[in-house]
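Please look through the structure shown below before reading the notes that accompany it.

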Amino acid sequence: MRKKLISMLLATTMAGALMVGCGSNASTDAPATDASATDTATEAPAADSSAEAVTLKWSIWDQETTTYWQALADGYMAQNPNVTIEMVDLGSQDYMTVLATELSGSGSDFDVVTIKDVPGYATLVQKNAIQSLDSYISADGVDLAAYNGATDQVTVDGSLYELPFRNDFWVLFYNKDVFDKAGVAYPTNDMTWEEYDKLARSVTDTTFGSQVYGGHYHTWRSTIGLIGCLDGEHNILSGNYDFMKPYYEMVLAEEKDGVVRSYADLKTEGLHYSAAFSAGDTAMLNMGSWFISTLINNIASGEYDASLCGNWGIVKYPHADGVEAGSTLGTFTGLAVTSSTDVPDAAWDFVKWCSGEEGAAVMASTGNFPAIMTDDVVTTITSLEGFPTDDASKEALKTSNIYLEVPYDANVSEINTVLDTYHGMIMQGECTIDEGIASMNEEIGAILAQ
């Protein structure tokens with residue numbers, strides 16, 4: 001019996017460096033998972049080997065450091081021996097730009113492409129480079145409810161052009177030793193942002209030479225500006241961004257009081273969030289689920305000092321008053337069928353398999369979070385060696401509402417640029433919160449009115 005399927009779980013490659021600058025960069029910071037992970041899907045019975053031979057050309061990135069690409073290909077080919085999956089690594093740097101160039105004109109021979117972010121997805125849809133999947137979804141009875149609203153947020157004029165196979169969502173990481181030393185109770189799975197702020201302040205130590213920071217915000221806009229999007233009413237397409245003001249006020253007050261490192265210092269020093277947390281002087285970190293794999297792998301390898309950060313846990317993302325616990329932000333990685341393919345049915349079958357429960361089992365076996373989560377998949381993830389054993393950390397994986405950091409809009413790239421610009425100006429003190437938000441409202445209002 002399948003449990004209610006969890007939505008937007010891990011979105012990026014567990015490969016090199018990640019993510020979503022302001023919203024959907026999560027995929028570029030996530031580390032690769034253990035290559036020794038088993039591929040559960042290969043145990044399924046193989047299909048009729050007498051079927052016509054087909055080769056599917058599939059665009060990916062970071063093949064050598066991301067274990068799930070090969071695992072998915074092997075799992076599918078084991079069940080479909082007539083199909084050969086040919087992966088083409090376009091690199092993670094500017095992947096979507098390179099892909100859009102590859103798909104321009106009629107010369108492309110890609111059959112299946114991986115969609116890394118929503119702005120890139122918008123570009124491919126507008127260029128008619130990928131096909132609507134509606135007829136396939138209808139004919140095969142694909143249950144879109146299994147994605148818990150994720151596909152609704154990338155539907156274009158009533159049509160869907162991709163299916164997610166991996167999802168990332170935001171949680172709160174914390175260092176248990178910091179709380180134990182301070183004699184303060186751990187974070188819980190049901191905290192408001194006001195409660196989080198008080199908790200961060202309660203474990204902060206501003207003593208020179210022995211500082212302890214109650215929290216940490218990476219420089220991405222998503223760590224602050226998107227907190228207000230957790231109410232289900234607002235998102236980055238709102239056109240009015242007054243809802244972000246309380247969270248900018250909270251974080252800037254925390255900076256002033258030494259509760260968190262300053263944005264200006266982080267930009268100057270180039271301090272990565274992983275370095276901040278692994279140093280052992282940061283109590284809490286709001287970050288995506290891809291960081292789970294980073295911690296597990298780097299503590300096991302000795303890259304991170306276990307005596308400083310080895311005793312860690314996670315809880316659900318804090319929420320505003322009146323918002324359901326477990327509401328969080330997410331990004332996903334999807335697959336699409338190209339408009340130029342001469343084997344669209346075969347390409348669709350591969351997309352459907354990777355994005356379904358069989359592909360989900362493969363993703364979990366490599367330590368990654370799939371788009372569809374069953375009880376078995378959750379058990380696989382929480383049973384990984386190095387995952388926290390406390391019940392609260394396991395419960396943290398059960399989300400209620402996951403809202404895309406970057407929903408679909410034809411002008412989403414322009415909107416992102418404006419929001420990023422004024423986020424940086426607010427955090428650097430180049431303008432006030434009110435001035436920055438007023439500029440967001442004016443400039444994005446003009447974009448949306450086009």
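The report that follows describes a predicted model.

Rolling a probe the size of a water molecule over the atoms shows where empty space is left. When the whole structure is searched, two cavities of 30 Å³ or more are found, and the second largest cavity holds about 50 Å³ of space.

The lining of the second largest cavity consists of Tyr217, His218, Thr219, Ile224, Glu255, Val260, Arg261, Tyr263 and Met427. By residue class, this lining of the second largest cavity comprises five nonpolar, two polar and two charged residues.

## Packing of α13 and α14

Helix α13, which spans residues 357-365, packs with helix α14, residues 375-382, at an angle of about 10° and with the axes 9 Å apart. Because of that angle, α13 counts as roughly parallel to α14.

On the α13 side the contact involves Ala360, Ala361, Ala364 and Ser365, which meet Val377, Thr380 and Ile381 in α14. The residues of this contact of α13 with α14 divide into five nonpolar and two polar, with no charged residue.

Most residues other than glycine have a negative phi. Asparagine 128, however, has a positive phi near 55°; it is found in the loop between α3 (118-126) and α4 (134-140), and asparagine 128 is exposed, with a relative accessible area of 59%.

Aspartate 157, which is not a glycine either, has a positive phi of about 50°. Aspartate 157 lies in the loop between α4 and β4 (163-175) and is exposed, its relative accessible area being 80%.

Terms used
Residues numbered from 1 in each chain as written. Predicted model: local features only at pLDDT ≥ 70, side-chain atom pairs only at ≥ 80, totals over all residues. Heavy atoms only, no water. 1 Å grid on protein atoms, 1.4 Å probe; cavity = no way out; pocket = protein on both sides within 12 Å on 5 of 7 lines; lining within 4 Å. Points joined across faces, edges and corners; volume = space filled by probe spheres on them. Nonpolar A, V, L, I, M, F, W, Y, C, P; charged D, E, K, R; others polar. Axes fitted to C-alpha atoms, helices over the stretch in contact; angles between N-to-C directions. Helix = DSSP H or I, 4+ residues; strand = E, 2+ residues; numbered from the N terminus. Parallel < 35°, antiparallel > 145°, perpendicular 65-115°, else oblique. Contact = heavy atoms within 4.5 Å. Buried < 20%, exposed > 50% of the residue type's maximum accessible area, 1.4 Å probe, protein only.
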